[in-house]
Amino acid sequence: MKRIADKETAMEKRHEILVVDDDKDIRDVLRIVLEKNGYSVRLAKNGKEAAKELQVKKPDLMVLDIMMSTDTEGFDLAFELLNNPEFESMPIILLTSFLEKVREDGPDQFQHILGEQWPAKWMFEKPLNTEKFLKKLEGILVNT
Amino acid sequence: MEKRLTGPKQPVPDGVPSPLFLEELKDRSRWFVFLRFIVAPGILLASGAAHLLGYRFHTPAILAIAGMIFAYNLVFLAWIRKMSPGQWESPRIIAKFTYWQLGADYTALLLLIHFTGGAASPVLFFSIFHIILAAMLLPRKYAYMFAAAVAAGVFLIGLAEHSGWITRHRVYYGAEPVLSHLQPPLFIPHLLFFTASLLITAFLVTTIMRLFFLRVRELDTQTGSLAEYNKRFRTLFSLVETMGAIRQSDPVLAVATRELASVMGVRATSVKLLSEDGSRLIYRGNYGLPETFVRNKSVDVAKSPLNRRIIEGEAFVTGDVSKPESFQFGEDLAAARIRSVLFVPMVAEQKTIGVLGAYCRLPDRFSRHDISFFQLAAGLVAIAIENSRSYEAIENLTAERSRFMLRIAHNLRAPLGAVLGMLELLREEHMGPLTDEQAEYLRRIDRRIRTMLEMINQLMTLARTRTAPGEPEKTDLDARWLAGRLERTFQSMAVERNIDFKVHAAEDVPHVQANADQIEQVLENLVSNAIKYTPDGGKVKVSFSSPSGNRVMITVEDTGIGIAENDLPQLFSEFFRADNAREKEELGTGLGLAIAREIVEAHQGRITVESREKRGTTFSVTLPASDNKGNTHGDK
């Protein structure tokens, strides 16, 4: 398989990725997919655990679910990190189960929090298109 | 304003005409000046004619009088020219002008009489005109005085001539003096009747003038009240208009209180709404009340007798602020120099929901008209408040529903996402190799779940187009750009199925004003259906045309399985799938066309279908053309 072959190149880098999601199934799937593709993965099931993991060691990239115990837990964490000089350069990929379109022009739940800002450059909709996701991940890590 | 309704009754200084009279006087004065220019030539003509007929009289004196009349009239004309518009407004100046004119005419008239035979003068009859004019121009008393003055003047001339104090200037026919037989005994009744004629004329004319002015004044009053009613009507109308245009209550109340204060001519107006438990009245809107009065203050109904009477069902109450026991905040009103108030209930659906109040700095200010108008206005304000309440309730409900839909979307999609992720691990053989049969079943599971996901997505879209108020955000779209995109999207799919797929857009197709994402979604849905339900080797043709300049029509025509006539009516209903479509394609959400119709209708367009089973189907979408005929790029 193509992706297994890619693994060799990624292996050398052994980029470390922190996956933050309250859904254990999602965490497990992401862990397996990412590890199979040669990344080192750490997991956190909420913002608090993520903060702890970040203190232990700064990962190369963070995959962060937006809605966990609160609707904006992921945003809150992302904003915090954006304002923290130590982490502001760390790439974050946001995940959401919301349809992008619904989020955009439905009664925007987040608008009042976010205003014009968006705390991360990248966002993926769940269910993930794994291929695109891995490609993007790789692209981000190569550039940093 | 009550004053306006009963007509103007300003006290008029003695000897100075009333304003209406004044207006009349102004016009007449000008008219008389122009009229008087005929007098001098008239005298010349009459003298000439008299000479031709053989009458003789003191011609140089008569000509001199004509010259004098002409001269003083020139002075009057200059006076008129010189008078500024402001002076025309001054009753005293106009009255002065009138007296000067009458005085000059009086002198000229007596001179004429003297030089044409004195008390026996034929010019005597002309005095009547002077009396008529004076009676028209002056108040009754002065008209009589003028009449008396003319009579007295003639008497004096007669007396003076008879006594030889002044020269008698007779009119002669040949050698015979005209009316020379009139000697004093005959002469006196003659003059008495002359005097009576003058006074009767003055009486008749002033009486007619008085009646005339009464009518004019009545008319003026009526015009005034009509104007007032018109103003009030306009206020009510503008209230209704505002209510139609704005649904939130605050701006409507702002307009209502401001307009009402202005049209009622009062210092302030307020809208107080009854609290849920009916114990307090809370200020919701006001115009002109001091900030300190309204801020954080609500009225305790139990402590405010006037408000309580309204809440208990009285149609109106008026209050005098000098009785502070009537008010909970009487001192505040007195401090704002409010002297009288008017409160009327605001009733909606037979329930008093609040109190509309007017506050005035004049005591005992509100008339029956004011009250009935204010009651009408209160009815409207109540409706406005009820409307905005229902509107706010609907808005909340819509927002709540949308939030609920989002929640469902999230909660349904989250587990499906996890399932698809895990399924992918299995199918990618991350968990070990699969047999062909296992792989096939996992593929089928994946497909079913993806259909379900698609259905959720489409339901969301449908819910969104139905609940989102307002129109979709539109841009100017080039039909040819849309055509190109469709062609690129579906070309490979068509080639795979060996379908002859053509997209054609006429050169002159106008742009459409539409939401690009939504319109593309509609067209992609129609084209993918057409390809899906057309057997290999068939034809699918998309064309963009403009049946009329202001519409763009997009037709998607296929040679597919067609739609049974019985199925056509339900075709655009949610979850409906025709039997032959199910046979051809097992999985489908049955939502695509429902969404298409929602979107097209939200664009003020129409979607129609024509079909014959086993022969093919044509969908037509008509959209309004944009005003912009070209040159804008189609991309968003």
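Predicted model: local features only at pLDDT ≥ 70, side-chain atom pairs only at ≥ 80, totals over all residues.
1. **Chain A, overall.** Chain A holds seven helices and five strands. Along the sequence they run α-β-α-β-α-β-α-β-α-α-β-α. Chain A has 144 residues, and 33% of them are buried. Take the contacts in chain A between residues at least 6 apart in sequence: 71% of these join residues at least 24 apart.

2. **The sheet of chain A.** The five strands make an open sheet, with the order β2-β1-β3-β4-β5 and parallel pairing. Which strands stand at the edges? They are β2 (40-44) and β5 (122-125) of chain A. Each has a single partner strand, so one side of each lacks a neighbour in the sheet. On average, neighbouring strands in this sheet are turned by 20° against each other, direction ignored.

3. **β1 and β2 of chain A.** Strand β1 (residues 16-20) of chain A pairs with β2(A) over five bridges, in the parallel sense. One pair to look at is Ile17(A) and its bridge partner in β2(A), Val41(A). Helix α3 (residues 47-56) of chain A packs on the sheet and touches β1 and β2 of chain A. The direction of this helix makes about 140° with that of β2(A).

4. **Chain B, overall.** Chain B has 18 helices and 16 strands. Of its 636 residues, 32% count as buried. For contacts in chain B between residues at least 6 apart in sequence, 67% join residues at least 24 apart.

5. **Helix α3 of chain B.** This helix covers residues 59-82 of chain B, which is 24 residues. How far apart are its end C-alpha atoms? They are 35 Å apart. At 1.5 Å a residue the helix should span 34 Å, so the two values agree. Its buried residues are Ile62(B), Ile65(B), Ala66(B), Ile69(B) and Asn73(B). An α-helix has 3.6 residues a turn, so residues three or four places apart point the same way.

6. **A helix pair in chain B.** The axes of helix α15 (residues 479-496) and helix α16 (residues 516-532) of chain B come within 11 Å. They cross at roughly 30°. α15(B) and α16(B) are therefore roughly parallel to each other. Their crossing is right-handed. On the α15(B) side, the residues that meet α16(B) include Leu482(B), Leu486(B), Phe490(B) and Met493(B). On the α16(B) side, Ile519(B), Leu523(B), Val527(B) and Ile531(B) are among those met.

7. **A buried loop residue.** Gln328(B) lies in the loop between β7 (317-320) and α12 (330-335) of chain B. Is Gln328(B) buried or exposed? Gln328(B) is buried, because 21 other C-beta atoms lie within 10 Å. Leaving out residues up to four places away in sequence, Gln328(B) touches Val299(B), Asp300(B), Lys303(B) and Ser304(B). Ser304(B) is 24 residues from Gln328(B) in sequence, but 5.0 Å from it in space, C-alpha to C-alpha.

8. **Strand β14 of chain B.** β14 spans residues 551-558 of chain B. Strand β13 (residues 539-545) of chain B pairs with β14(B) over six bridges, antiparallel. The two form a hairpin with five residues between them. Strand β16 (residues 616-624) of chain B also pairs with β14(B), antiparallel, over eight bridges. Ile554(B) in β14(B) stands opposite Phe544(B), and also opposite Val621(B) in β16(B).

9. **Two faces of β14(B).** In a regular strand the side chains alternate between the two faces of the sheet. The covered face of β14(B) has Val552(B), Ile554(B), Val556(B) and Asp558(B). The uncovered face has Arg551(B), Met553(B), Thr555(B) and Glu557(B).

Technical notes
Residues numbered from 1 in each chain as written. Chains lettered and ligands numbered in written order. Helix = DSSP H or I, 4+ residues; strand = E, 2+ residues; numbered from the N terminus. Expected span 1.5 Å × (residues − 1). Buried ≥ 20, exposed ≤ 12 C-beta atoms within 10 Å, placed from the backbone. Pairing = 2+ DSSP bridges. Axes fitted to C-alpha atoms, helices over the stretch in contact; angles between N-to-C directions. Contact = placed C-beta atoms within 7 Å. Parallel < 35°, antiparallel > 145°, perpendicular 65-115°, else oblique. Left-handed = near helix turned anticlockwise from the far one by under 90°.
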